[in-house]
Amino acid sequence: RRTSETVTVADVPTGTGGSQLETGKADRRYWGSVYVTLAHDGKLVVANALPENKLLEGLVPSEIFPESPDAALEAQAIAARTELLQKIGRRNLTDPFLLCSTQQCQVYAGAGQEHPRTSRAVAATRGLVLLRDGGGLVDVRYSASCGGHSEHNEHVWGGEPDPSLRGHADAPKARQSRMDEAAVADFLQHPPEDAWCARAKGGASRFRWTQTVSAEELTRRVAAAHPQVGRVLALTPSDRGASGRARQLTIRGDRGSAEVTGELVIRRLLGGLKSSLFTVEVQGPRKAPAAFVFHGGGFGHGVGMCQMGAIGMAEAGKHRGQILSHYFLGTKVHKLY
């Protein structure tokens with residue numbers, strides 16, 4: 001099949017997580033070839049074989065605003081290519097394909113998702129990947145906005161510390177530091193004006209935000225996982241990461257208490273907060289709160305490249321290599337092919 005042609009697959013699940021919660025389906029077009037074969041569990045699986053550039057052209061515009069400056073788009077293209085190659089041979093080892101198309105790997109929705117500007121960025125960075133100074137592909141991670149300070153990888157997912165994924169201030173003169181409890185409120189109330197993600201056009205709503213959750217709603221959400229708590233009375237971050245993101249949260253209620261661990265678990269439990277970098281304000285009497293107000297910063301886990309920060313750096317005239325070396329410490333861009 002010529003690369004200008006596509007093949008249509010009917011009733012493709014439109015969810016991104018590959019779970020039973022997916023209910024939507026749609027017909028989707030794909031570049032390259034489509035194979036129907038057996039998975040390791042004996043079920044039929046549809047696999048798409050396509051060139052790397054076609055895959056990236058569909059991936060990159062879904063990961064960053066296509067209207068972003070060229071340097072930010074090129075940094076994202078290099079990061080996406082590195083992530084793609086880094087996962088091959090480490091994921092889906094028992095499957096008849098190299099990578100899945102969900103959030104477990106990289107979300108790919110087929111042909112028709114491309115944008116001229118991001119396609120040019122993919123072409124301009126052909127064969128470029130991000131390597132550690134000592135060799136080896138970087139374990140690339142990125143999120144929408146770090147809120148002014150990135151996070152250590154082990155503080156979000158556990159495991160061993162990665163020298164390339166160290167949390168530090170998102171500023172021209174980045175400093176590796178740890179945000180303790182006393183500093184978080186001041187950091188959120190008086191954000192650093194020189195942070196790259198603060199300077200990016202269109203990034204204000206992700207840099208600082210406020211979200212209110214009623215006590216009734218929060219109690220309902222907590223009761224599903226921790227019924228012993230009862231009506232929620234207080235929330236206290238009991239452990240924070242390098243950026244100030246909550247790693248552990250103590251929930252106190254009128255019948256008991258619970259400890260919640262994990263950055264993503266915490267923000268989902270609290271109503272889908274943009275990040276776990278927040279302070280809590282209680283509205284109403286202490287023994288019968290009416291609502292909880294979260295004052296927060298950032299959007300996502302904060303590890304690796306801050307995408308709004310990359311845009312801010314590009315707007316300030318930084319090139320793709322400077323952007324990547326700022327967010328992935330001890331790395332360099334290398335032409336692999």
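Visitor: Which strands does helix H5 lie across?
Guide: Helix H5 (residues 181-189) lies across E7, E11 and E12, and runs at about 85° to E11. Helices (H or I, at least four residues) and strands (E, at least two) are DSSP runs, numbered from the N terminus. Angles run from 0 to 180 degrees between N-to-C directions, with axes as lines fitted to C-alpha atoms, for helices over the stretch in contact.

Visitor: Before we go on, what kind of model is this?
Guide: This is a predicted model, where local features need pLDDT of at least 70 and side-chain atom pairs count only at pLDDT 80 or more, while totals for chains, interfaces and linings use all residues. Residues are numbered from 1 along each chain as its sequence is written, and side-chain values use heavy atoms, with hydrogens and water left out.

Visitor: Back to the sheet: what's the strand order?
Guide: The order is E7-E12-E11, an open sheet of three strands with antiparallel pairing. Two strands pair if DSSP finds at least two bridges between them. At the edges are E7 (208-214) and E11 (278-283), each pairing on one side only. From one strand to the next, the twist averages 20°.

Visitor: How many bridges join E11 and E12?
Guide: Six bridges, in the antiparallel sense, with E12 covering residues 291-297. Val280 stands opposite Phe294 in E12. Helix H8 (residues 215-225) packs on the sheet too, touching E7 and E12, and its direction makes about 80° with that of E7.

Visitor: New topic. At what angle do H2 and H3 cross?
Guide: At roughly 60°, with the axes of H2 (residues 70-87) and H3 (residues 116-124) coming within 8 Å. That makes H2 oblique to H3 (under 35 degrees is roughly parallel, over 145 roughly antiparallel, 65 to 115 roughly perpendicular, and the rest oblique).

Visitor: Which residues of H2 and H3 meet there?
Guide: From H2, Asp70, Leu73, Glu74, Ala77 and Arg81 meet Arg117, Thr118, Ala121, Val122 and Ala124 of H3. Contact means heavy atoms within 4.5 Å.

Visitor: And Val156, buried or exposed?
Guide: Val156 counts as buried, because its relative accessibility is 15% (buried is under 20% relative accessible area, exposed over 50%, partly exposed in between, with a 1.4 Å probe and protein chains only). Val156 lies in helix H4 (residues 154-157).

Visitor: What does Val156 touch, leaving aside its neighbours within four places in sequence?
Guide: Glu151, Glu263, His301 and Val303 are in contact with Val156.
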